[in-house]
Amino acid sequence: VTIRLYAHLLQDSRRLLDRVNDSLLGYINDADEEIRVAVVMTISDMCLIDSDAATEFVGPLQIFLRDDSYIVQALAIKSLHLLCASGVMQYDLVIKALSKRL
């Protein structure tokens, strides 16, 4: 539950980006699928709130693309789509990253 609040923390103060990033990175390989889903959903929320700040999470999104859970993979793709739609990432680069990961 706490993980889902991180996006709102960033909305109030971008200075917390490094702490939020470090905290989320600690959960990337969690054995619990629900935790990984919460992490990638939070990253997706961050893409909506502040796409520039969310570019910090491209590395974790690439890891989530290879997750065993299809839900995690779909949410990672959604997050990348949001970054492309906001103009902070180029679509062709995302396609190349996806083709290497999937």
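**Exercise 1.** Find how many salt bridges the structure holds, and state which residues form them.

*Solution.* The model is a predicted one, in which local features need pLDDT of at least 70 and side-chain atom pairs count only at pLDDT 80 or more, while totals for chains, interfaces and linings use all residues. Residues are numbered from 1 along each chain as its sequence is written, and side-chain values use heavy atoms, with hydrogens and water left out.

Step 1: the structure holds two salt bridges, each being a side-chain nitrogen of Lys or Arg within 4 Å of a carboxyl oxygen of Asp or Glu.

Step 2: D45 pairs with R4, their closest N and O atoms being 2.8 Å apart. Because D45 lies in helix α3 and R4 in the segment before α1, this pair ties together parts that are 41 residues apart in sequence; helices here are DSSP runs (H or I, at least four residues), numbered from the N terminus.

Step 3: R36 and D67 meet in a salt bridge at 2.7 Å, N to O, and this pair links R36 in helix α3 with D67 in the loop between α5 and α6, 31 residues apart.

**Exercise 2.** Decide for each of the residues D45, R4, R36 and D67 whether it is buried or partly exposed.

*Solution.* Step 1: buried means under 20% relative accessible area, exposed over 50%, and partly exposed in between, with a 1.4 Å probe and protein chains only.

Step 2: D45, with a relative accessible area of 21%, is partly exposed, and R4, at 27%, is partly exposed.

Step 3: R36 is buried at 10%, and D67 is buried at 11%.

Technical notes. Helices (H or I, at least four residues) and strands (E, at least two) are DSSP runs, numbered from the N terminus.
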